[in-house]
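Dear colleague,

I am passing on the structure we spoke of, and below it you will find my notes on what came out of the analysis. Please read them with the coordinates open beside you.

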Amino acid sequence: MNALLTGANGTVGQALSAHLRERGDTVTPWERRAVPPLALDAQARLFDTVRPDAVFHLAIAAQPTGRENEGHVVNVAWPEAIARMCAEREIALVFTSTAMVFEDGPSGPFHRDTAPPAQGGYGGQKREAECAVHATHPKGRIVRLGLQIAPALGDDAASKSQHNVAGGNHMGANLAARAARGEVIGASTRWAPACSFLPDTAAALVAALDLPPGTYMADANGTQTADQPTGVSFYTLVCALRDHYGADWHIEPNEDFVFDQRMIDSRLPVAPLATRLPDLGA
């Protein structure tokens, strides 16, 4: 497969690029500086030069440049433009959305038919983008993601081979940074986060290409098992990650955030958290 990736240098993008290359696929990163969002002529030339079999659109407005209305341009208008180009050229599209489309509504777990209520902020923009992508490219796939976890924290070769993103925007790195600042990590026992390990997320995004067009949800905490039928709390997960990483984190349980964010979608299975954290909940 010849794949074109936006956001290839991001947390999920690096893991997806590694996964695709391990499969023997060709990966072309979309260089946003050379081909900015909504530079339609340049985008058309890129599509016609690369001639991808599939486009994975992961990029978001993560690093503000001062452009007017940048959040909407990057998070909504750009996905719609990419979807239109893919539809016109009959190219497969996987667009990544977020569990945050459910943030303004009642607690989950959320299922394939749960209507996202997000009205504002990042979740609202991603929901708007979902609708635009679906309307523009009905044969595309939309995959909602939760928090991401790297298998390891280090920057060594072994860590990189596990699709680790050292210092990136993943749960382990963020927790390690807080601990390094001397913070006590407060973790809610009543929040069940949507989340997955980066290699499993990457595999799910590629697997989505073999599924019928539509909207899917990739959540390892939404993969119910006999041992964890109601999912894993953030506190339990953080404690398990501390032990998994061999970290020295001071963690205190609380009930500051009460929310079941789990996304349950058997059509796009993701390995449950206990697969990589065998002592989870022990």
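In this predicted model, helices α3 and α4 are roughly parallel to each other, because their axes cross at roughly 15 degrees and angles under 35 degrees count as roughly parallel. The two axes, of α3 at residues 70-89 and of α4 at residues 121-136, come within 9 Å, and the crossing is right-handed. On the α3 side the contact is made by G71, H72, N75, V76, P79, E80, A83, R84 and A87, while α4 contributes Y122, Q125, E128, A129, A132, V133 and T136. Sorted by class, this contact of α3 with α4 has eight nonpolar, five polar and three charged residues.

Turning to helix α6, which covers residues 171-180, its buried residues are M171, G172, A173 and L175. After α6 comes G182, whose phi is positive, near 85 degrees.

Elsewhere, T28 has its place in strand β2, residues 26-29. Not counting residues up to four places away in sequence, T28 touches N2, A3, L4, L5 and V50, and its C-alpha atom is separated by 8.8 Å from that of T6, although T28 and T6 are 22 residues apart along the chain.

As for the protein chain as a whole, its secondary structure comes to nine helices and twelve strands, and buried residues make up 51% of its 282 residues. Among contacts between residues at least 6 apart in sequence, 78% join residues that are at least 24 apart. The chain exposes about 12,900 Å², of which carbon and sulfur atoms supply 49%.

Conventions: Residues numbered from 1 in each chain as written. Predicted model: local features only at pLDDT ≥ 70, side-chain atom pairs only at ≥ 80, totals over all residues. Heavy atoms only, no water. Buried < 20%, exposed > 50% of the residue type's maximum accessible area, 1.4 Å probe, protein only. Helix = DSSP H or I, 4+ residues; strand = E, 2+ residues; numbered from the N terminus. Axes fitted to C-alpha atoms, helices over the stretch in contact; angles between N-to-C directions. Parallel < 35°, antiparallel > 145°, perpendicular 65-115°, else oblique. Left-handed = near helix turned anticlockwise from the far one by under 90°. Contact = heavy atoms within 4.5 Å. Nonpolar A, V, L, I, M, F, W, Y, C, P; charged D, E, K, R; others polar. Areas by Shrake-Rupley, 256 points an atom, 1.4 Å probe, with all protein chains shown as cover.
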